[in-house]
There are 2 protein chains.
Amino acid sequence: MAVFAHVTVSVDGYMAGPDISAQEPMGRGGARLHEWIFADNEVDKSRVQDTFAAVGAVVLGRRTFDVGLDEWGDTPYPAPSFVLTHRAEPDREMKSASFHFVTDGIGNALTRARAAAGDKDVVLMGGETIQQALRDGLVDRLNLQIAPVLLGDGLRMFDETGHYELKPLAVTVSPTVTHMQYEIVR
Amino acid sequence: MAVFAHVTVSVDGYMAGPDISAQEPMGRGGARLHEWIFADNEVDKSRVQDTFAAVGAVVLGRRTFDVGLDEWGDTPYPAPSFVLTHRAEPDREMKSASFHFVTDGIGNALTRARAAAGDKDVVLMGGETIQQALRDGLVDRLNLQIAPVLLGDGLRMFDETGHYELKPLAVTVSPTVTHMQYEIVR
C-alpha cells in the first residue's frame, strides 16, 4: 500500500498550460499533455490499465474536482474519491464510487483514503494537492509521464516542494510519452 | 550538424542548487546532479563518450566559464569554446583547444561556433545560454539527463523558454540517470 502522485508533465515541467478553466481544464495548450492517454499503443494502454488496477482510493483538490467532473462524468478512478475543500458538502454518489468532501486537511483525507483503499494504493491528483503532500512528506512514489513538448508557460508541477533523494523503479518508453516511476527515499 | 543543449536536471527541473559560487559551481546540493558522469556503468560511459565525440565547438555563458574553469583545467570539451561575455578578452589557449570571448551576442557566437565545428555539432552549456538560445529559436536538439533527485530549490533549467513540440529521438536508462534526447520541431 502506497501513496503515489500520478501526473503528466511537459519536458519543461508544466502540468497544465496557463489560464485553467472549466472550458479548458488543462489550460491553454495543456491538452497536449494528455494525448498519450488516448494513444493506440500497448505500452501506454498497459500503463493506464496498471494504474487503474492499483488505485484503491483517490485524494484530489477542489479545483481538480471542479474542472474535471464534466470530463470524467464519474469518479476519476473507480474508487472512493476524497476532495480537499473548505466547504462541507454531502457525499456525492457516482456510477463507480462516491466523492467525499474533506474539510479538515490533507492528512485526514489521506487517513480516510488509506482506510478505504485497503491493500490497494492511494493516488494523489492535482498540482496543489501533490505539492502540499510533497511538502508534508506524505508521498511514497512519483509516477511521472513526460510528454514530448515544451509548453513554455503554465502551472508548474514542482515548486519548492522539498529536497528528496529518489530511487528509480521503472522507466517505460512509448512512442508518445516516457513513463517514469520513482520511490521517494526518506 | 546540429546545435544541441546538453544538461543534467533534477526531476523537479533544477540544473543547479541555490547559491552558485566558484566554491560550489553547482550550487548547494547541486553536485548530486553530476554524479552519473563518474558512474561506473557502460550506459553512462558510452553516453559521455558519444557526446564528446559529437562536439565540434562549444558555446557557453560567462558564469559557466567562471565557475567551471578550475574544475575543467581545460576547455570543457576538446573543441573551440566560445564564451558569451560583455568584456572583450584575448583568446586563451588551453591544452585541447582555445577559449574565444564573444561580445556581440549569441547569434554571432553560434555563427563562429558552427564554422569551427565543421561537420560536428555545437553544444550549448549553461542555464542562461540555453534559455536564451531556446527563446531565440536557435536550438535543434535537447540532450537531457534526468537525475533521480528532487532538489526543491535552485536554478531552473526551463523558465518561459518558449512553446515547442518535441520529437523523441532516444531514451537510454542507466542505474544512475535517464538520458533523454529530443529534436525541437519548428
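## Strand pairing in chain B

B:T178, in β12(B), is the bridge partner of B:V173. The strands involved are β11 (residues 164-173) and β12 (residues 178-185) of chain B, which pair in the antiparallel sense over eight bridges. Strands here are DSSP runs of E with at least two residues, helices are runs of H or I with at least four residues, and both are numbered from the N terminus. Two strands count as paired if DSSP finds at least two bridges between them.

Helix α2 (residues 62-72) of chain B packs on the sheet. This helix touches β3 (55-61), β4 (81-84) and β7 (121-125) of chain B, and its direction makes about 100° with that of β3(B). Helix α3 (residues 106-117) of chain B packs on the sheet as well. Its contacts are with β1 (3-10), β3, β4, β6 (98-102) and β7 of chain B, and its direction makes about 160° with that of β3(B). Contact between two residues requires their C-beta atoms, placed from the backbone, to lie within 7 Å. Axes are lines fitted to C-alpha atoms, for helices over the stretch in contact, and angles run from 0 to 180 degrees between N-to-C directions.

## Model and numbering

This is a predicted model: local features need pLDDT of at least 70, side-chain atom pairs count only at pLDDT 80 or more, and totals for chains, interfaces and linings use all residues. Residues are numbered from 1 along each chain as its sequence is written, while chains are lettered from A and ligands numbered from 1 in the order in which they are written.

## Chain A overall

Chain A has four helices and 12 strands. Its radius of gyration is 16 Å, close to the 16 Å that the globule rule gives for 186 residues, so chain A is as compact as a globular protein of that length. The radius is taken over C-alpha atoms, and the rule is 2.2 Å times the number of residues to the power 0.38. Along the principal axes, the C-alpha atoms of chain A fill a box of roughly 40 × 40 × 35 Å.

Of the 186 residues of chain A, 47% count as buried. A residue is buried if 20 or more other C-beta atoms lie within 10 Å of its own, exposed if 12 or fewer do, and partly exposed in between; the C-beta atoms are placed from the backbone. Among contacts in chain A with a separation of 6 or more, 63% join residues 24 or more positions apart.

One open sheet has 10 strands in the order β5(A)-β6(A)-β4(A)-β3(A)-β7(A)-β1(A)-β8(A)-β12(A)-β11(A)-β9(B), with mixed pairing. Its edge strands are β5 (92-93) of chain A and β9 of chain B, and each pairs on one side only. Strand β11(A) is joined to β9 (residues 149-150) of chain B by two bridges, and the two run antiparallel. Here A:Y164 has B:L150 as its bridge partner. Elsewhere in the sheet, β4 (residues 81-84) and β6 (residues 98-102) of chain A pair in the parallel sense over four bridges. In that pair, A:V83 stands opposite A:F101.

Another open sheet of 10 strands runs β9(A)-β11(B)-β12(B)-β8(B)-β1(B)-β7(B)-β3(B)-β4(B)-β6(B)-β5(B), again with mixed pairing. Its edges are β9 (149-150) of chain A and β5 (92-93) of chain B.

## Symmetry and interface

A rotation of 180° with 0.0 Å of shift along its axis superposes chain A on chain B, at RMSD 0.0 Å. The two copies are thus related as by a two-fold rotation axis. The C-alpha of chain A nearest the axis belongs to A:G13, 3.2 Å from it. Superposition is by least squares on the C-alpha atoms of residues with pLDDT of at least 70 in both copies. The same surface serves both: 100% of the contact residues of chain A recur in chain B.

The contact takes 25 residues from chain A and 25 residues from chain B. On the chain A side, β9, β11 (164-173) and β12 (178-185) each give two or more residues. The largest share, seven residues, comes from β11(A). That side divides into 13 nonpolar, seven polar and five charged residues. Ala, Val, Leu, Ile, Met, Phe, Trp, Tyr, Cys and Pro count as nonpolar, Asp, Glu, Lys and Arg as charged, and the others, Gly among them, as polar.

Helix α1(A) lies across β1 (3-10), β3 (55-61), β7 (121-125), β8 (141-147), β11 and β12 of chain A, at about 90° to β3(A). A:R47 is found in this helix, which spans residues 42-54. With 21 other C-beta atoms within 10 Å, A:R47 is buried. Leaving aside neighbours within four places in sequence, A:R47 is in contact with A:T172 and A:H179.
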